[in-house]
Structure formats: C-alpha cells, structure tokens
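The following paragraphs lead the reader through a protein structure. Please keep the sequence and the model in view while reading.

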Amino acid sequence: MSSSSHLTRSLGLKLAIVIVIGNIIGSGVYKKVAPMAAELHAPGWVLVCWVLGGIITLFGALSNAELAGMLADTGGEYAYYKKIYGRFFAYLYGWSDFAAIKTAAIASLAYVFSQSLNHIIHLPPILTSLADVNIAGIFYPFANFNEKLVAIALILLLTYLNCTGLKTGAGFSTFLLLLMLSGILLIVFFGLSSPAADISSAFSLQTPPDHPITMSAIFTAMLAAFWGYEGWNSVGFLGGEIKNPHRNIPLSIVLGLVLVIIVYFLANLAYLSLMPIPSLEQVHAQGSSIAAVEAVKVFWGNGGQLFMSILIVISTLGCTHATILSSARTYYAMAAEGLFFKKTGELNKAHVPGGALWYQGIWACVLILSGTFDQITDMLIFAAFIYYGATTIGVFILRKKMPHAPRPYKTWGYPVIPAIFILFCVILIFNTIIERPREAGIGLALILAGIPFYLKFRKNIS
C-alpha cells in the first residue's frame with residue numbers, strides 16, 4: 001500500500017531545466033557523429049543536420065509548450081492526448097512509451113554506459129560461445145553479453161535509487177549534469193584550440209562524386225541527430241510534481257533545448273575539426289568504437305581516451321537516471337485510470353510510483369538483450385515522431401475546440417512553425433519505413449501489441 005495517493009509538487013524551474021537537459025544529453029553527442037558521417041560523407045552536412053535537427057526539435061518543443069502550459073499534469077502527452085484525441089489514443093501513446101520509446105531510450109543509454117565502462121576497466125568476456133545464437137537473424141541476445149549484463153545492472157540500480165524519492169533523484173541529476181557539461185566544454189576548448197584542429201574543413205559541404213547528397217540521406221542521418229535530442233519532452237511527465245507547472249514546464253523545455261543545441265554544435269564542430277570523414281566512417285564500421293573518444297585521442301592521446309570514457313560514463317549515467325526518473329510517471333497516470341497494470345498505479349512510502357519504475361526497468365532490460373545500440377535508437381525515434389507529430393496537430397485542434405481556454409504560452413510562429421514540424425514528421429516517418437524497414441517494423445509491431453492489452457484494461461473501467 002502507498003502511504004499517500006498524491007504526488008507532491010517539489011520541483012522548481014531550475015530543477016525542471018536540469019531534468020530537460022539531463023534527459024537529452026547522453027550518448028548521442030559522443031556517438032552519433034560517426035553514423036551521420038557514414039551517411040552524408042561531408043563534415044559540413046553533418047553540422048547542417050545537427051543544427052537542422054535542433055531547429056526542427058525546437059519547432060516541436062515550441063508547439064508542445066503550448067499544450068504543456070494549458071494541460072500540465074502527470075503523464076505529459078498522455079494527459080494532453082486525452083483532451084485532444086480521447087482515451088484510446090492516449091493509452092496507445094503511453095503503451096508506446098513503455099514498449100518502444102522511453103524504455104528503449106533507457107536501454108540504449110545504459111548500453112553505451114557499459115561500452116564506455118568497458119574501455120576503462122575491460123569487462124571479462126561472458127558466454128562468448130553463445131554470441132551467434134539468434135532469433136530470426138535479427139536478435140542476438142548473447143552478443144557482447146558482458147556489456148549487456150552491466151547495462152542491466154545499471155538500470156536495476158538506478159531504478160532502485162529513483163524509488164527512494166524524487167528529491168534524491170533530482171539532486172543526483174544536478175550533480176551529474178554539472179560534471180558532464182564541464183567535461184564537454186573542456187573538450188570543445190582544447191579540441192578547437194588544438195594545432196591538429198582544422199576548423200575551416202569542418203564546414204565543407206563537398207561530397208565524393210560517387211556519394212552525392214540526397215534528401216533521403218539527410219533524413220536518414222537526422223535519425224541519428226534526433227536521438228541526440230530525444231528526451232526534451234520528458235519534464236512534462238512530471239507535471240504533477242512541478243511547482244507552477246503552467247509556467248515552468250514550457251519555459252524549462254525551451255530554455256533547456258536551446259542550451260543543448262549550442263552545446264551539440266560546438267562539440268560536433270570539435271570532432272569534425274579533428275577527424276576527417278574517412279576516419280569517422282571507419283569508426284562507424286568498427287561498431288565498438290566511439291567517435292568522441294577517437295577525436296579526443298588526437299590531442300590528448302591515450303589519456304584523452306580515458307578522459308572521454310569517464311565523461312561518457314558520467315553522461316550516460318546521468319541521462320539514464322533522468323529518463324528513468326521522468327518516464328515512469330506516464331504509466332502511473334495510466335494505471336490510476338485503470339489503463340495499465342495495477343501495480344504501476346501505486347505510490348510507495350517515498351511518494352513515488354515504485355511499481356511503474358520497476359515495470360519500466362524490467363522491460364528496458366529485456367530490450368537491451370534484443371539488439372544493437374543503433375537498431376534500438378532508430379526504432380525509438382521512428383515511434384517517437386509519430387507522436388510528436390500528433391502532439392503538434394493537437395495545437396491546431398485545441399485552438400478550434402478550446403479557443404478561450406487560458407494559454408500561459410502560445411506557440412511562436414503559429415500556424416507556420418507547427419505546420420513545418422508536422423510536415424517534417426510525416427517525411428521522416430515514411431523515409432524511415434523505406435530506408436530502415438526493420439527498425440520501423442519492430443517499432444510498429446511493439447506499438448500495435450498494446451491493442452489487445454487495451455481491450456483487457458478497458459474492462460477495468462467499463
């Protein structure tokens with residue numbers, strides 16, 4: 001039994017911004033420049049995609065902020081969708097977060113944490129004889145099993161920590177975020193000031209004759225960039241625990257995302273100034289290497305490798321923690337209405353949704369065993385943009401349905417900015433189906449798997 005049936009409002013604007021940034025900056029800023037280079041073959045286009053991805057994400061955030069200001073409540077988009085589309089669509093979003101979006105983000109981040117830790121302490125191989133065991137030639141649960149076990153252990157440990165109280169979790173996020181930002185700024189300063197850096201070459205848009213730039217390549221590369229920005233909306237899930245949420249949620253989303261865009265541009269400028277595209281393509285082909293580690297080795301040698309590995313461990317630890325902290329609130333909100341497993345709707349003695357946290361953690365552990373880092377992230381970005389587009393369409397719908405409702409914040413550039421974002425979501429979704437059919441298919445299968453559960457849960461409220 002829970003000791004209270006209500007969440008408490010204990011987070012102010014500063015901690016809300018910390019949660020936004022902490023949910024975003026994880027592995028993407030270190031790892032995704034390599035697959036983007038392999039797709040685009042020119043450093044300037046990689047930077048264009050990072051900036052364009054940030055601007056498009058900001059367009060979505062500006063639209064999301066209007067709904068967050070109007071409808072702030074625990075569960076974020078789940079609460080918004082109930083007003084816009086009704087109970088079934090809201091449920092399907094919450095299920096998708098559980099099955100294919102937020103738990104996959106947790107799994108991906110924990111996986112990169114363990115990869116980086118392996119660079120530091122060299123984890124002993126485990127069950128290498130089973131590495132080729134697979135399901136349908138897609139899932140290799142025992143491949144890199146030593147790293148996967150560490151990732152699973154991290155998820156379980158952070159889930160336990162978040163069960164001890166919201167203030168504890170938010171304070172830990174603040175500490176890790178300060179360490180992470182300090183480390184990234186050190187890389188930017190020393191990287192761009194290094195004699196080995198060729199800053200002008202990082203802006204080159206020239207591609208090899210046999211690899212001309214195409215719109216399809218840009219959208220495929222932006223799947224990687226969007227993984228770097230994923231998590232910007234997570235503070236909305238804590239709507240029931242934030243002070244003055246109608247003001248602080250939209251403000252924290254916009255301020256946090258703008259800061260992240262600046263940090264990402266500078267960090268990737270440093271990488272691309274230090275490493276030519278062929279070197280980044282080779283990093284991507286190797287699979288186990290991390291682009292940022294190789295870039296820092298250019299000016300700090302093996303000491304740079306150790307520094308970067310420690311920094312990535314801190315960053316992914318912080319982002320995994322922040323994502324675990326915020327995402328479980330959606331399942332809590334659903335269960336409170338009878339639309340999810342009963343245990344996820346209970347608060348523990350620390351006034352946090354302990355059941356939802358553990359259900360989330362266990363499924364994230366299963367996803368770690370299911371595939372590689374890039375497979376998981378492409379799948380979750382595809383699924384996430386279905387709902388990001390739906391959220392922005394909701395701005396138009398509520399302007400018609402609720403024209404006189406109080407709006408502490410109105411979408412900047414309406415109707416052009418939200419319309420551009422919706423169009424972009426549609427293009428990205430169809431491009432992913434064409435260019436990454438396996439990841440898109442898995443994402444859609446996990447989303448649709450929620451329908452039988454809905455028919456079961458609906459009996460609880462009929």
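Cys-425 is buried, at a relative accessible area of 2%, where buried means under 20% relative accessible area, exposed over 50% and partly exposed in between (1.4 Å probe, protein chains only). The model is a predicted one, in which local features need pLDDT of at least 70 and side-chain atom pairs count only at pLDDT 80 or more, while totals for chains, interfaces and linings use all residues. Residues are numbered from 1 along each chain as its sequence is written, and side-chain values use heavy atoms, with hydrogens and water left out.

The sulfur of Cys-425 lies 16 Å from the closest cysteine sulfur, that of Cys-49, which is too far for a bond; a disulfide is a pair of cysteine sulfur atoms within 2.5 Å. A search of the whole structure finds zero disulfides. Cys-163 is likewise in no disulfide, the nearest cysteine sulfur being that of Cys-365, 13 Å away. Cys-163 is buried, with a relative accessible area of 13%.

The next topic is the nonpolar core, a set of buried Ala, Val, Leu, Ile, Met, Phe, Trp, Tyr and Cys residues joined through side-chain atoms within 4.5 Å. The largest such core has 146 residues, and those touching the most other members are Ile-25, Tyr-30, Ile-184, Tyr-264, Tyr-271, Met-308 and Phe-385. Helix H12 (residues 291-336) gives the most to this core, with 20 residues; helices (H or I, at least four residues) and strands (E, at least two) are DSSP runs, numbered from the N terminus. Neighbours within four places in sequence aside, Met-308 is in contact (heavy atoms within 4.5 Å) with Tyr-30, Ile-187, Ala-292, Val-293 and Val-296.

How many cavities of 30 Å³ or more does the structure hold? There are three. On a 1 Å grid over the protein atoms alone, a cavity is a set of points where a 1.4 Å probe fits but cannot get out, and lining residues have an atom within 4 Å of a point. Grid points are joined across faces, edges and corners, and a volume is the space filled by probe spheres set on the points.

Of its 15 lining residues, Asn-23, Leu-109, Trp-227, Glu-230 and Cys-319 are the closest to its centre. H6 gives the most to this lining, with three residues.

The second largest cavity has a volume of about 40 Å³. Its lining consists of Gly-22, Ser-173, Leu-176, Leu-177, Met-180, Gly-318 and Cys-319. H8 gives the most to this lining, with four residues.

Terms used. On a 1 Å grid over the protein atoms alone, a cavity is a set of points where a 1.4 Å probe fits but cannot get out, and a pocket is an open set with protein on both sides within 12 Å along at least five of seven lines; lining residues have an atom within 4 Å of a point.
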